[in-house]
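Please open the structure in a viewer and keep the selection tool at hand.

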Amino acid sequence: MADTDASVKMTPETGAGPTGNMQATAPSGTYFRKGFGLKSEIQAELAVDYTGQFVDMLLARDYTLQAGDVTIRLAKEFGFCYGVERAVEYAYQARKKFPDRTIYLAGEIIHNPHVNSKLQAMGITFLMPVDGRIDFSGVRPEDVVILPAFGVTITDFEVLRKIGCVMVDTTCGSVLNVWKRVESYARDGFTSLIHGKYYHEETRATASQAEKHPGGQYLIVRNMEEAALVCDFIEGRIDSETLLKRFAHAASPNFDPTRDLQRIGVANQTTMLARESLAIGELVGQSMARAHGEQYARDNFRTFDTICSATQERQDAVVELLREPLDAMIVIGGYNSSNTLSLAALCSESVRTFHVEDADDIDPVSRTIRHRPLGAKEEVEAKDWLPRVTPVRIGVTAGASTPNNKIGEAIGRIFASMGIDPKSVQ
Ligand code: SF4
C-alpha cells in the first residue's frame, strides 16, 4: 500500500471519519489507521521479537507436546488476537516510517509487559494516564502519537487533533463496533449500561462515545452483583441516592438514575466473560419488564453482545480444553489484561490455575511459581506447585496480548521444572 493511501483526510463534509473519534477536520496526512505499507520491512523484526518454537511445535502436533511423563496441552485459540497483531505491527511501522521523530504512545498499546518493553526499547515514550487522564502537554505538532488497540476517549482525541501531531490510530475494529453501538444508544435517547471495568482504557473510551450526543449517558457495571443493584433501583428497592453513591465513579457526569434508567441499552467491554455479559443483559431486561411491563421493556430496552470474536474464541477453546483431565492450568498474560483475567476465571472453576504475567514467573531451579490468584491484588509465590504424581498433564492458554515466544518460554520452563531439558523436547 502506498503511504499516502494509508492517511485519511478528515473533512467537515464527512463529519465522522473512519473511527468513532473523528469529529472534525485535521490536516491531511496527519491521521493514519492502516499502517504505512511497510509490513515486509518489519516482518523479520516482529518474528524475532514474538514467535516461539514450542508454539510452532504445538501447532504442528495437534496442540500437544509430550516429553517423559509430562504432557502439555495448549488451548486451540490462544495468545495474540487480530487486533493486537495489527496494533503492534503498526507501532513497528510507525517507528520505521518516522525514525527521527519523537513517538509517543497514549497509554500502553496492549497490556503485555514484554511487548511494551520492546516498544520502549525502540524509543517510543509511553504517556500513562494519571487519574484516568493523559497529559499531552509535552506533545508538539511534529511528534507522532500512537493510539492503542483499546482506543482513546473523545476528549483525548480532540486534544491531539488540536495539537496537530501525527496520529497512528490502532484502535481495533471490534472496539469501534462497540463505540457505534454506544453512540447509537445515545442518539436514540438510551443510556448505555456497559459491562466492563470503569478504569479500563477501552471502557473509558467506549463510555465517552455516549457524550457525542447531547444528554448521552452511561453507567458501567463490573459484574452481576453491580447489575443486580441497578435492577434494585429499577424495581424500586433502593433509591437514587444509594445507587449514585455506589456508582459515582462509574457513571456519566450529571447521571440521574430516575431520568436516565428509563431507557437502557446494554454493551460490553470486548474482553469480559461472555456468559456474564449475556446474563447481565437478561437480568436487566427482565427487571425492566417486571417494573414497567413487557411492552415497555420491548420498546425501551436493547441489548447486544459486543464481546469480540477473538475473546469469545479463546474462552470457548479453554472451556473445551477443561473438559480433559488436567492436573493444572497455566494462564499467561498481563495482570491488568482483562481478557487474560476472564480466561483465568474460567480455568479456576475447574482446575488448579496459575495466572502468571511472564514466563520467568516459573522458576525451574527453585521449582516455584509466582502467580496472582483470582481476585487477589498481589502476586504470590507458590512452592510445590507441580503435581507430585506422574504422569502429569498441564493445560496452557494465554491472553490476547501474549506473544508466542513468551508462551513457548513458559512451556520450556514447565518442562524444566519437571526435570526435563527443554532442548530434548522434539
Ligand atoms: S481482544 Fe478483541 S477487541 Fe481487543 S484488540 Fe483483540 S480482537 Fe480487538
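Begin by selecting Arg181 and Phe304: the charged end of Arg181 sits over the ring of Phe304, 3.4 Å from its centre. A charge counts as sitting over a ring if NZ of Lys or CZ of Arg is within 6 Å of the ring centre and within 35 degrees of the ring normal. Select next Arg302 and Phe190, where the charged end of Arg302 lies over the Phe190 ring, 4.1 Å from its centre.

The model is a predicted one, in which local features need pLDDT of at least 70 and side-chain atom pairs count only at pLDDT 80 or more, while totals for chains, interfaces and linings use all residues. Residues are numbered from 1 along each chain as its sequence is written, and side-chain values use heavy atoms, with hydrogens and water left out.

**Aromatic pairs**

The whole structure holds nine aromatic pairs. Rings of Phe, Tyr and Trp (its six-membered ring) pair if their centres lie within 6.5 Å; planes under 30 degrees apart count as stacked, over 60 as edge-to-face and the rest as tilted. Select Tyr31 and Phe157, an edge-to-face pair with 6.1 Å from centre to centre and 70° between the planes. Tyr31 belongs to strand β1 (residues 31-32) and Phe157 to helix α6 (residues 154-163), so this pair ties together parts that are 126 residues apart in sequence. Helices (H or I, at least four residues) and strands (E, at least two) are DSSP runs, numbered from the N terminus. Both Tyr31 and Phe157 are buried, that is, under 20% relative accessible area with a 1.4 Å probe and protein chains only.

Move on to Tyr50 and Tyr92, whose ring centres are 6.0 Å apart with planes at 70°, so this pair is edge-to-face. Tyr50 is in helix α2 (residues 39-50) and Tyr92 in helix α4, 42 residues apart. Tyr50 is buried at a relative accessible area of 6%, and Tyr92 is buried at 2%. Then select Phe32, Phe36 and Phe98, which form one aromatic cluster.

**Helix α16**

Select residues 404-417, which make up helix α16. Ten of its 14 residues are buried, so α16 is largely enclosed by the rest of the structure. Among the buried residues are Asn405, Ile407, Ile411 and Phe415. Which residue just after α16 takes a positive phi? It is Gly419, at about 80°.

Methods. The expected span of a helix is 1.5 Å times one less than its number of residues. Buried means under 20% relative accessible area, exposed over 50%, partly exposed in between (1.4 Å probe, protein chains only).
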